[in-house]
Amino acid sequence: MSATDPRLHRPQRIAILPGDGIGRDVTAEALKVLEAAAERWSLPLELVHFPYSADHYLETGISLPPGQMEEFRDRFAAIFIGAYGDPRIPDMRHAADILLGIRFQLDLYVNFRPCKLYDARLCPLAGKSEKDVDFVVFRENTEGAYVGIGGNFKKGTPDEVAVQEEIHTRKGVERIVRAAFEWAQAHGRGKVLMADKSNVMRYGHDLWQRVFFEVAGEYGGIAASHMYVDALCMQMVKAPEQFEVIVTNNMFGDIVTDLGAALQGGLGVAGSANVHPGRVSMFEPVHGSAPKYAGTGRANPMGAVLSTALMLDELGHGEAASAVEAAVAMAIRAGETTRDLGGSLSTSEVGDRLARAVAAGAAAGR
Ligand code: NAD
Ligand code: IPM
Ligand code: MN
């Protein structure tokens with residue numbers, strides 16, 4: 001950690017942005033679990049709530065006020081987000097400012113998305129068990145198709161032209177590829193696979209090819225391989241056990257992590273971290289705001305809870321992080337889940353049980 005590392009500040013201030021739809025439902029439960037962990041391990045966490053959401057934007061016209069991003073950057077150790085997306089804002093303007101704004105402006109170039117099957121019964125693939133689905137995706141998070149560069153010509157006419165550019169930089173590709181290899185090395189994983197579409201994207205994805213294999217040369221003990229992203233999707237369904245670490249560009253990472261979430265039981269159980277090592281990071285479930293489930297008690301809070309585990313780990317609270325993850329795994333195995341995972345509990349009942357398990361320390365195996 002560097003001298004300016006915001007994670008070193010005490011107390012560690014965490015910005016809480018529940019967002020829209022089920023983002024609010026799952027955040028409430030994730031906070032119960034986080035507070036139970038903070039209590040049990042006497043963690044120096046201070047939660048600060050922010051109202052930025054579709055409602056707030058429609059009421060005030062403000063997505064994120066001036067100076068807010070700088071405050072997150074300079075005065076917070078981490079940011080937790082529920083989800084963004086509201087049918088009343090079809091262009092996702094507020095989400096572009098808040099969610100993508102945080103990823104881009106804070107330069108959180110690693111979107112770390114673990115894909116782990118906690119119980120074989122949840123896997124939609126026949127004959128696969130827990131050991132067959134256990135990989136992580138390193139999604140590039142600050143460039144690619146998400147840069148918003150493009151435009152329309154003759155918009156709304158039959159002659160309309162739309163241009164949407166992808167940007168890939170040498171620096172951007174190199175740092176995410178390196179992050180994937182570094183993580184593999186630190187976690188005893190022997191393989192890193194890069195997915196692109198370099199057979200068609202002869203400029204941008206060719207850069208990925210060259211940089212990936214160049215960086216791979218520095219990590220002799222780790223096998224480096226490549227698949228085109230279409231083949232990767234097929235192989236993720238056919239033989240997910242072959243994957244340990246996958247690194248890919250922003251949009252492909254978005255797509256393959258929804259597929260990965262399906263392999264572990266669904267979007268409700270997938271968590272993620274948006275990281276720039278040594279800086280304030282942002283944590284959020286992989287799923288969206290699922291408006292039809294908002295406020296119904298059907299949303300599974302486990303993806304959000306697993307995101308708090310990733311956050312605790314990043315903030316240096318490894319024991320608490322492991323206990324939170326273990327509580328989720330135990331609840332899944334016990335069938336104490338929402339309906340998407342085959343259980344009959346509500347969102348808040350799952351949150352209550354996970355919080356109790358963490359508080360009791362049962363989840364830590366004691
Ligand atoms: P979604 O992830 O919100 O939901 C898709 C489906 O997955 C749901 O209908 C539901 O069946 C299931 N699902 C998702 N989360 C669940 C949970 N916690 N528990 C149980 N089931 C769950 O994706 P969508 O419907 O394509 O998008 C809805 C809105 O969310 C859109 O506005 C979209 O842009 C946005 N979105 C936001 C994020 C984010 O904030 N990071 C991510 C994805 C989508
Ligand atoms: C995700 C989401 C976002 C993305 C959307 C809501 C902008 O799908 O976090 O996976 O595409 O990154
Ligand atoms: Mn997505």
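Guide: A salt bridge here is a side-chain nitrogen of Lys or Arg within 4 Å of a carboxyl oxygen of Asp or Glu. By that rule, one salt bridge crosses the interface of domain 1 and domain 2. The partners are Asp-107 and Arg-175. Their closest N and O atoms are 2.7 Å apart. The model is a predicted one.

Now the two parts themselves. The domain assignment builds domain 1 from two stretches, 1–111 and 267–366. Domain 2 covers 124–264. Between the centres of domain 1 and domain 2, taken over C-alpha atoms, the distance is 24 Å.

Next, the contact. On the domain 1 side, 14 residues take part; they touch 17 residues of domain 2. The size of an interface is often given as the accessible area lost when the parts come together. For domain 1 and domain 2, the buried area is about 1300 Å². Carbon and sulfur atoms carry 55% of it. In domain 1, the residues that lose the most area to domain 2 are Phe-104, Tyr-109 and Asn-111. Together they make up 47% of what the domain 1 side buries.

Polar pairing comes next. Six residue pairs are in polar contact between domain 1 and domain 2, with both residues at pLDDT 80 or more. On the side of domain 1 that touches domain 2, helix 4 (93–105) and strand 4 (110–116) each supply at least two residues. Helix 4 gives the most to that side, with three residues. By residue class, the side of domain 1 that touches domain 2 has nine nonpolar, three polar and two charged residues.

On to the ligands. Ligand 1 is surrounded by 20 residues. The closest are Tyr-84, Gly-288, Ser-289, Ala-290 and Asn-300. A polar backbone atom of Tyr-84 is 2.8 Å from an oxygen atom of ligand 1. A backbone N or O atom of Asn-300 is 2.8 Å from a nitrogen atom of ligand 1. Glu-284 uses its side chain instead: an N or O atom there is 3.3 Å from a nitrogen atom of ligand 1.

Ligand 2 has Met-92, Arg-103, Arg-113, Arg-139, Tyr-146, Asp-254 and Val-286 around it.

Conventions: Residues are numbered from 1 along each chain as its sequence is written. Chains are lettered from A and ligands numbered from 1 in the order in which they are written. This is a predicted model: local features need pLDDT of at least 70, side-chain atom pairs count only at pLDDT 80 or more; totals for chains, interfaces and linings use all residues. Side-chain values use heavy atoms; hydrogens and water are left out. Domain bounds come from an automatic or database domain assignment. Contact means heavy atoms within 4.5 Å. Buried area is the accessible area (1.4 Å probe) that two parts lose on being put together, summed over both. A polar contact is a pair of N or O atoms within 3.5 Å; within protein, one must be able to donate a hydrogen and the other to accept it, and residues adjacent in sequence count only if both atoms are side-chain atoms. Helices (H or I, at least four residues) and strands (E, at least two) are DSSP runs, numbered from the N terminus. Ala, Val, Leu, Ile, Met, Phe, Trp, Tyr, Cys and Pro count as nonpolar, Asp, Glu, Lys and Arg as charged, and the others, Gly among them, as polar. A residue is near a molecule or strand if one of its heavy atoms lies within 4 Å of it.
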